[in-house]
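This report describes the fold of one protein chain, from overall figures down to single residues. The sequence and the model come first.

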Amino acid sequence: MPHLDPEQIKDHIAKNQFLAITVDTSIVDKFGSNLDHKIIKALDQFQHGTIKVLISEIVEKEIKSHIASSAEITRKAVNKSLQDHAKRWQFEFDNEKIEKELSLNSDPKETANLQFDKFLSSVKGEIVPALNASTNDLIKRYFENKPPFEENAKKKNEFPDAFALLSLESAAKNGKNLILCISSDQGWKKFCDSSDFLVCIDDLELALSYFNESGRKTADHILALWQAGNAKELDAMIEREFENQLEGLYFLADGTAPVGFEGNSEGAVLETFSIMEGGGPVVIETSKDQVVFTITVNATVRFFASFDFYATDSFDRDEVHLSSQFYETKQNIDAGLAITVLRETDEDPEPEVSDVEVYIDVSEVNFGFIEPFPHEDPTHEKY
């Protein structure tokens, strides 16, 4: 249907005019296909109400495919790293034991199925079969270049979206109510704008906040206490969670060097963090006793990495190890927080925090110029 502003969406929610909420693959991709992410898991709040969580069969297959692809990439990366490690250190390890412990022999598709099925069960979601879509309408839209199809050579790639959207629209018509679609895909947005039954917005956190207006006062109160320095326990919990996340963080250590090198992430530590300017809490879930809200902070993090430097022998082309060096760099990153608190009143001196989750999205860290002999005379030729 025509684009609705936030207040209009909230009005439809208040009048129980939404049959269901659904997410597109683009939203799950935004969270790294991590179905355990606090924001995605917050869809479980609808399991006891009148609003359903519907997932198109097409989106189900796409999510599983993306999880399987990621699992295959990491599986190959771990195998290669183990082989490289054994080669560099010149030792043998128990392949069978490591493969079993790290599930390196598991089928990525089976892993993806298990993860998705667990998620669907936790939110009590329902799959909308793609075959419910009207084939005649689909073909008509394709040849008339109507949404979600565009007049370009990529129309065949939009067929899955068309099946998903037409089947969701059919479900909405049968339920005689609206479906709130969460998607950042332009095809989805254009289709929903032309539909009488589908409403589209591009942010899951924002969408969830529309259903949780009752928790806004609590979240604002917690934020005010926090900014005033009256949330010491919350600060401590955030620091501990940062420490846990950074301790296990793996990143690609990169840089610029005069010779070949291999970088190895060696960990990271938090130095400071602060709420981002203009950033307010977004309430994603409420209950009788608790409120869950998200907020973004800017963190100063010190990253550590070791680098092995190599030169290529000009005669037999073998790699000759030159040195190993340890480097560190300090960088600013944005991190997402999901904070669960007990409902508060204005008289509470300090918030009652029951859970904090930190989400850090760092896959690569550049350490700038690195060299195999940083403490040597730079004019003395070493390689």
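## Overall figures

A residue counts as buried when its relative accessible area is under 20%, and as exposed when that area is over 50%. The model discussed here is predicted. Of the 383 residues of the protein, 41% are buried by this criterion.

The secondary structure consists of 12 helices and 12 strands. Among contacts with a separation of 6 or more, 73% are made by residues 24 or more positions apart. The accessible surface amounts to about 21000 Å², and carbon and sulfur atoms contribute 47% of this area.

An open sheet is built from 5 strands in the order 3-2-1-4-5, with parallel pairing. Its edges are strand 3 (126-128) and strand 5 (198-201), each of which pairs on one side only. On average, neighbouring strands of this sheet are turned by 35 degrees against each other, direction ignored.

Within the sheet, strand 1 (residues 18-23) and strand 4 (residues 178-182) run parallel and are joined by 5 bridges. I21 has L180 of strand 4 as its bridge partner.

Helix 8 (residues 159-175) has 17 residues, which at 1.5 Å a residue should span 24 Å; the end C-alpha atoms are 24 Å apart, so the two values agree. The buried residues of helix 8 are D161, A162, A164, L165, L166, S167, L168, E169, S170 and A172.

The loop between helix 8 and strand 4 contains K176. This residue comes just after helix 8 and has a positive phi of about 55 degrees. The relative accessible area of K176 is 72%, so K176 is exposed. In sequence K176 and F197 are 21 residues apart, while their C-alpha atoms are 8.3 Å apart in space.

## Helix 12 and its cover

For helix 12 (residues 232-247), the 16 residues should span 22 Å at 1.5 Å a residue, and the end C-alpha atoms are 22 Å apart, which agrees. L234, M237, I238, E241, F242 and L246 are the buried residues of helix 12. These residues lie on the same side of helix 12, because they cover an arc of only 160 degrees around the axis. K232, E243 and E247, on the other side of helix 12, are exposed.

Which elements cover the buried residues of helix 12? They include helix 11 (216-227), strand 7 (260-275), strand 9 (290-312), strand 10 (319-342) and strand 11 (353-360).

## T329 in strand 10

T329 is located in strand 10. With a relative accessible area of 16%, T329 is buried. Apart from neighbours within four places in sequence, T329 is in contact with V301, R302, F303, V365, N366 and F367.

Strand 6 (residues 252-256) has a covered face with A253 and G255, and an uncovered face with L252, D254 and T256.

Strand 6 and strand 12 (residues 364-369) run parallel and are joined by 4 bridges. The bridge partner of L252 in strand 12 is E364.

Terms used: Residues are numbered from 1 along each chain as its sequence is written. This is a predicted model: local features need pLDDT of at least 70, side-chain atom pairs count only at pLDDT 80 or more; totals for chains, interfaces and linings use all residues. Side-chain values use heavy atoms; hydrogens and water are left out. Helices (H or I, at least four residues) and strands (E, at least two) are DSSP runs, numbered from the N terminus. The expected span of a helix is 1.5 Å times one less than its number of residues. Buried means under 20% relative accessible area, exposed over 50%, partly exposed in between (1.4 Å probe, protein chains only). The arc is that of the directions from the helix axis to the C-beta atoms. Contact means heavy atoms within 4.5 Å. Two strands pair if DSSP finds at least two bridges between them. Axes are lines fitted to C-alpha atoms, for helices over the stretch in contact, and angles run from 0 to 180 degrees between N-to-C directions. Accessible areas come from the Shrake-Rupley method with a 1.4 Å probe; for residues, only the protein chains shown count as cover.
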